Amino acid sequence: MSEVNRDKVFDRAIDLVINQDHVAQQWTGRYIAVETSLAVAAAALLSWKGVGLVALVLALLLGAMAIVLALALTDIIKREYEWQKRYVEMVRRTEGDSPLLYQPPEQYEPLPDRDIPGAFVRIRPWIIAAWCVLVLIIGFAVFLGAA
C-alpha cells in the first residue's frame, strides 16, 4: 500500500476538478445541440405548405420534448457543476492539516463564489418561454395559412 500524503491528495483532488469540468462541459454541449436541433426542426415546420393541423401537432410535440429536455438537462448540468464546486472545495481543504479529502460539511466553510449552477436554473424559464412562443408562432402560421 502506498502512503497517503498531502501531495497525492492534492493531485487527486485536482484530477477530480479537471475531470468534472470536462463532464459538465460535455453535458452543456449536449444541451445546446439538442435544443438547437429541436429548434431547427420546429423552424422547418414553418416552411411546410398545406399541412395545417399536422404541423401544429408536430410543433406541440417538439415544444413539449424541448421543454422536458430543458428541465432534465438543466438539472443534470446543475448537479455536475455542484460536484465540481465540491471538488474545488476539496482542493482548498488539502491546504489544511488533514490528509483526508472528504470531511463533513460542518468542518469547512463553502466557497463564496459565483453560482454557476444557479445560472442554468435562471436561464431555464427563458428557454421554456421561448419554446412556448415558437409553438404559438407556428400555430398562428398554420391557422393564417389555412384561412
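I began with Glu 82, which is partly exposed at a relative accessible area of 37%. Buried means under 20% relative accessible area, exposed over 50%, and partly exposed in between, with a 1.4 Å probe and protein chains only.

I noted the ground rules next. The model is predicted, so local features need pLDDT of at least 70 and side-chain atom pairs count only at pLDDT 80 or more, while totals for chains, interfaces and linings use all residues. Residues are numbered from 1 along each chain as its sequence is written, and side-chain values use heavy atoms, with hydrogens and water left out.

I then looked up the partner of Glu 82. Its side chain forms a salt bridge with that of Lys 78, at 2.7 Å from N to O. The term stands for a side-chain nitrogen of Lys or Arg within 4 Å of a carboxyl oxygen of Asp or Glu. Lys 78 is partly exposed, at 27% relative accessibility. Both residues sit in helix α2, 4 residues apart, about one turn of the helix. Helices (H or I, at least four residues) and strands (E, at least two) are DSSP runs, numbered from the N terminus.

I searched the whole structure and got 3 salt bridges. One of them joins the side chains of Asp 75 and Arg 124, 3.0 Å from N to O. This pair links distant parts of the chain, 49 residues apart: Asp 75 is in helix α2 (residues 53–93) and Arg 124 in helix α3 (residues 116–146). Asp 75 is partly exposed at 41%, whereas Arg 124 is buried at 15%.

I also checked Glu 80 and Arg 79, whose side chains form a salt bridge at 2.9 Å, N to O. Glu 80 is buried at 9%; Arg 79 is partly exposed at 40%.
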